[in-house]
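Biologist: Can you put the model up? I'd like to chat about its cavities and rings.

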Amino acid sequence: MTERSNAVPRPGVETEAEDGESELPFPAVTPFPIHALPEAIGTFATASAASLSAPPELIAVPALVVAAAAIGNSRAIQLKEGWTEPASLFAAVVSPSGTMKTPALKMATEPIQGMDCPEIRTWAADVTVERLGALLAENPRGLLLVRDELSAWVKSMNQYKGGKGADRQFYLSAWAGVPLKVDRKGPGDGPNSISVPQPCLSVVGGIPPDVVHDLENTSGDDDGFLPRLLFSWPEPMAVRWVNQGVLTHVQAAYASRIKELLDIPFKMHPLELPLTPEARELFVEWHDPHCDEMMAEGLQPFLRAAYAKFRGYCARLALIHAVTANPSAVSVGVDSVEAAIALIHYFKGQSQKVMSLVRTEYQGEIDRCRKEILRKVSVCRSIQKRQLQKNSSFPAEVFNSALETLTWPMLCIEGGNVLLYEPTNRQGR
């Protein structure tokens, strides 16, 4: 774990704000509700986590996203007339390097990746939105996007368009399942439009705590991208040697269930599953108090936005639970809604943890660049100015202005290196 991630406030610990005032401690965080998973996923996640000496959610959250992608556009949930939700999830596993998040992601995604073929694509990785739009058009059932490092995914957006493209908006629309139209260069000189009437995309990947800020909009505008991610930030476990791997029959049961989900008949439009009367009553019983929490005075803007998305996510998770537990399900019952509510309660706590890593208000470019510089220098204590500027997400004029305001008493520059100001660095003052 880096110095930065060591410094991240932990739940139940009172922290000190930049102005010296105490901030409220984090609320108690709910353990991951492994019991709320369908049996095939829960058993696989528990066994895989034990074999890796890792927290179960490191496997369970990606496995939930894999199930969502396997269901894809074959099913949707109807909460009432005019309100349906697709089976798609965007999830981010927050964990420092060396905590087994990459092996866990590989174990969870392996079944759906193994079923990919030129005729039917099931997943993608490092892909432009133009290519992804084409893949979604060619595979209307839906796709899984897997990124080992989600920060690289976000940084790749608009990289060929001088930062002026609409890649983030593409993913916002895909999350909502609204029609997409992507313009790309055709074989001739004119543009070639790709239309996706009902996109279904699920996204999963890992990210270290230190770079969660990379997921934010560098323009400073709140585009609603970050609150659409289901965050899981498990408490790290000491990695230890484990003799036992995942039993073959457990792996086979998980892979078999993912294949069953992929084999659900798809007729170009999702079959909408209604809530049973008891399940609807339970959903409403959860829904209204949740909305009261969402509108509570003083709730941080990031949490308010995340809580708004949890309304739909609760329905999506109920759908995924019902269909994964029984691919032949024709409705969503109480058990599935109970499981979804338990999962949302967990994700609420995780969003409150992650709140410490995102800005609480949107600031000017120079202020945000100052924070970026301080964060990077505080990790390594000393870094070449040229390297610091090269890796900055801000233009040169903003970077230079921000660095100038930080040079003593916070930072000093010596021999082309930027250092934290300390008494031993007096000559750099």
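**Cavity and rings**

Modeller: By class, four nonpolar, three polar and two charged residues line the second largest cavity. Here Ala, Val, Leu, Ile, Met, Phe, Trp, Tyr, Cys and Pro count as nonpolar, Asp, Glu, Lys and Arg as charged, and the others, Gly among them, as polar. This is a predicted model, where local features need pLDDT of at least 70, side-chain atom pairs count only at pLDDT 80 or more, and totals for chains, interfaces and linings use all residues. Residues are numbered from 1 along each chain as its sequence is written, and side-chain values use heavy atoms, without hydrogens and water.

Biologist: Which element gives the most to that lining of the second largest cavity?

Modeller: H4, with three residues. Lining residues have an atom within 4 Å of a point on a 1 Å grid over the protein atoms alone, and a cavity is a set of such points where a 1.4 Å probe fits but cannot get out. Helices (H or I, at least four residues) are DSSP runs, numbered from the N terminus.

Biologist: New topic: which residues form one aromatic cluster?

Modeller: Phe90, Trp153, Phe170, Tyr171 and Phe225. Rings of Phe, Tyr and Trp (its six-membered ring) pair if their centres lie within 6.5 Å; planes under 30 degrees apart count as stacked, over 60 as edge-to-face and the rest as tilted.

Biologist: How many aromatic pairs by this rule?

Modeller: Eleven. Trp153 and Tyr171 are edge-to-face, because their ring planes are at 80°, with centres 5.0 Å apart.

Biologist: Are Trp153 and Tyr171 buried or exposed?

Modeller: Both are buried, meaning under 20% relative accessible area with a 1.4 Å probe, protein chains only.

Conventions. Buried < 20%, exposed > 50% of the residue type's maximum accessible area, 1.4 Å probe, protein only. Helix = DSSP H or I, 4+ residues; strand = E, 2+ residues; numbered from the N terminus.
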